Amino acid sequence: MTSVTNDRTRARDTGTYMHADPVTDAALDWLLRLQSRPEDAAERARFEQWCRQDPRHAETYARLVALGAMPELEAATQRLARQDGEILQFTTPTRPRVWRWAGAIAASILLAVGIQQYPGLMIRWQADYQTATGSKQELDLPDGSRMTLNTASAVALDFEDGRRSVKLLQGEAFFDVVPDAAHPFKVAGHFSEVEVKGTGFSVRTDDQEDLVVLQHGAVQVVHLPDRASTAHLDPGQSISATATSLSPVASVSTENALAWLEGRIVFSERRLSSVLDEVGRYYPSPVIIANNRVGHVLVSGNYRLTDPEGTIRSLASAAGASVSRLPGGILILQ
C-alpha cells in the first residue's frame, strides 16, 4: 500500500487527478498498474494483499473493472474521440500510459469525472433534451406536438422516416400529441411503451417503475420488454409498470397528478416521507428524516415548486419537526 500512498502524495504535488474517495483512487491506481504490468507476480501479490485489507477494496476494484468492460462506455468514448478528431492517450507523471485506443479514453473519462458520475454521463450522451434539478422546459417536437419536461428529466427523440418516437431516459414528461392516425406517437420508459394517435398524457420513469397518467384522449400501454401485457387508459386513469408486470388501471386526479405543469405540487393526507420524496425531486441536495415518527405524519398542501426548501421547512413545521441545514444544502428533519 506504500506505493499507492506515495502516488497520492505526488498527485497533490503535481496536480495529477486524484479521486475524492481514497478507496476508489487506490483502486484506480491498482487497475492501471495491473494493466500495465500484467506479468508482474510481485505486483499481483501486493494487490491481493490490498484486497484482503478491507472488503470495500475488492468490491470497488470489481466495480471499476465491470464499468470499463461495458460496451456503452466504449461506444461513447469512441464518439467523443471522433468529435475531438483524435484518439486520446491518458498520461500522468505517476501513472503509466495504458488502455490504448478506446480503453485509454475510457480510463481518461473514469479518472476525470469519477466513477459515481457514469450513469449521468451516459444519459447526457444519449439525450437530445435534458433539464436540471428544479427546472422545467416546454418544447415543440418535429411533428408539431408539444412536450414539457419536468425536473431532472431527459429524452431522446426519433422522428426520422415518419416515426414519432420518444425515449424517456429519466424523470417525467407531458405530451400533447398532434393527431396522426397513420403515424402513431410512441413514448418508451424503462418498463413500458405508450402508443397514441393524439392525446395528452404524462410518463414518469425511475429505476423501479414507469407511471402513466392520461389527461385527455386515449392511450395503449404495453409492458416491456416482452410486450405480452397491454392496457387501455381513458381520461382520468393511470397505470404503473415495473420490471415484472403492469398494475391494474386506477382512477387518478389529473389536476393533482399534473399540477407540476403549473409549477405546483398538490397532495392530501399523505405521509410526510412520501411527500418529501416528491418535493426532493426539485431540491438539489439530500433531505434526510432522522425521526421515524415525523416521517409517518399525514400532511396535506398545495405548494409552489419555485421554493422547494421553503416547502420542506413548512411541511416540517406542520409535522412538528425541526430542520437543520448542513453544508452543501443537506436538510435534516428531526
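Thr205 is buried at 5% relative accessibility (buried: under 20% relative accessible area; exposed: over 50%; partly exposed in between; 1.4 Å probe, protein chains only). The model is predicted: local features need pLDDT of at least 70, side-chain atom pairs count only at pLDDT 80 or more, and totals for chains, interfaces and linings use all residues. Residues are numbered from 1 along each chain as its sequence is written, and side-chain values use heavy atoms, with hydrogens and water left out.

Thr205 sits in strand β8 (residues 200–205). Strands are DSSP runs of E, at least two residues; helices are runs of H or I, at least four; both are numbered from the N terminus. Beyond neighbours within four places in sequence, Thr205 is in contact with residues including Leu168, His190 and Asp210 (contact: heavy atoms within 4.5 Å).

## Aromatic pairs

The whole structure holds eight aromatic pairs. Rings of Phe, Tyr and Trp (its six-membered ring) pair if their centres lie within 6.5 Å; planes under 30 degrees apart are stacked, over 60 edge-to-face, the rest tilted. Trp30 and Trp50 form a tilted pair, 6.3 Å centre to centre with 40° between the planes. Trp30 belongs to helix α2 (residues 22–36) and Trp50 to helix α3 (residues 41–53), so the pair ties together parts 20 residues apart in sequence.

Trp30 is buried, at 0% relative accessible area. Trp50 is buried too, at 1%. Ring pairs link Trp30, Phe47, Trp50 and Tyr61 into a cluster.

## Helix α9

Helix α9 (residues 272–279) has these buried residues: Leu272, Val275, Leu276, Glu278 and Val279. Down the axis of α9, they fall within an arc of 155°, so they line one face of the helix. The arc is that of the directions from the helix axis to the C-beta atoms.
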